[in-house]
Amino acid sequence: MKAAVIYQKGELPQYVDFDEPVAQNDHEILVRVKAVAIKHFDKGTAAGTHYSSDAPKAAGRVIGGDGVCILEDGTRVYGIGVNGMLAEKAIIEKRRMVKLPDGLSDTTAAALANAVIGSAMALRFKAAIQPGDVVLINGATGFTGMVAVQIAKYYGAAKVIATGRNVQALQNLLALGADEIIEITPDNAAFLLQVKQQHQEKPIDVIIDYLWGTTAELLLSSLMGKGAFTNKVRFVSVGSMSGDLIQLSAANLRSVDLQLTGSGLGSWSKEQVGWLFTEILPQMFQLAAAGKLKIETIDVKLADISSLWDLEVKDGKRLVVTI
C-alpha cells in the first residue's frame, strides 16, 4: 500500500510503498482510509517536539493519528489509529471510532474531530462550562479556536470574547458566535487594558488558552485582585503556540479565585474519553452535518505529502489529505 512515512525525526514524510498493517487482537480492525487532517500535533510528533512523541523505528513510521475510514461492511467512521493513519489502510481501535452521519463530508469530519477534542474536552471537563458563563478564547483565530468559539456558544455561554492576531479572522468570528473581539498586537498594555475592561464589564468565568506565552501572562495578570472577593475563573491551557513557559506571580495566584489547569493527552479520565466517543463527537458531527458548526479545509492528495507538509495554512483553515 501507499503511505506517508517518516524515517527520522525532523525529516519530511515520504510517499512510499509500505507494508499493510495487521490487527494484533480482537479490539483492533483493519480499515480503508479516506481522509486525514494534518495538525500541529502530527507535525510535533513527527519532529519529536511533542511531549508524547517517540523516535520512529529504523523501518519508518506512518504518520497521522486519526481520520475518516471505511469498515469492511462499508460503514463510514471516524477513528483513532493504533499506528499511523496517513496510508491507504490502517488499524483503528473498535472502541475509539464514531459512525459518521450522512451529509457530512470526509474532509470536514477528518478536520473537525481533533478540533472538537481540543475545545469541547477543555470546555466541558476542565472548565466545567455552565450556561450563562462568560468565556474568553485566547488564540481564537486558529482552526481549533474557531471551533471553540462555536462550541462555547452551543454549551450556553452568555458571552464569548475572542482574541487573535489575524484581524480578518477575528471579524469572521463575529459571524460564528463571538460577541467581542480583541486584537493581539505588540502593544501589551493595550491588550491588557481591553481584557480588564471586559472583565470589569462582566466578570470572565472561563479562559481557554491556545497560545500560552506572553498573552497568558497578561490574561492572568488582568485577573489580579486587590484583597476583596473575586469571581472564580477557570483557566485552561490547551496549546502553547507562543511559547512553553510563562512567569506567574505568587501574589497573582493568591489574589484571585483561580483554577489553573490543562487539557490534553494524559489529563482526561477514562470515563471522559469514553464520553468523547459515545456523546461529544457524535453530537458535534451531527451539528456539522446540519450546518450549525462551520469550518473550512484545504484538501490535498496523499501523493503530494512531501511538497505540502510545510504548507502555511492561514485564516483558520485546516489541511486535509484525501486518499
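A residue counts as buried here when its relative accessible area is under 20%, as exposed when over 50%, and as partly exposed in between (1.4 Å probe, protein chains only). Welcome to a predicted model, in which local features need pLDDT of at least 70, side-chain atom pairs count only at pLDDT 80 or more, and totals for chains, interfaces and linings use all residues. Numbering starts from 1 along each chain as its sequence is written, and side-chain values use heavy atoms, leaving out hydrogens and water. Helices (H or I, at least four residues) and strands (E, at least two) are DSSP runs, numbered from the N terminus.

**Helix α2**
- 10 of the 12 residues of α2 are buried, so the rest of the structure largely encloses this helix.
- Among the buried residues are Thr107, Leu112, Val116 and Ile117.

- Three strands make an open, antiparallel sheet in the order β2-β1-β4, with strands counted as paired if DSSP finds at least two bridges between them.
- At the edges are β2 (14-17) and β4 (61-62), each pairing on one side only.
- Strand β1 (residues 2-6) is joined to β2 by four bridges, and Ala4 has Tyr15 as its bridge partner in β2.
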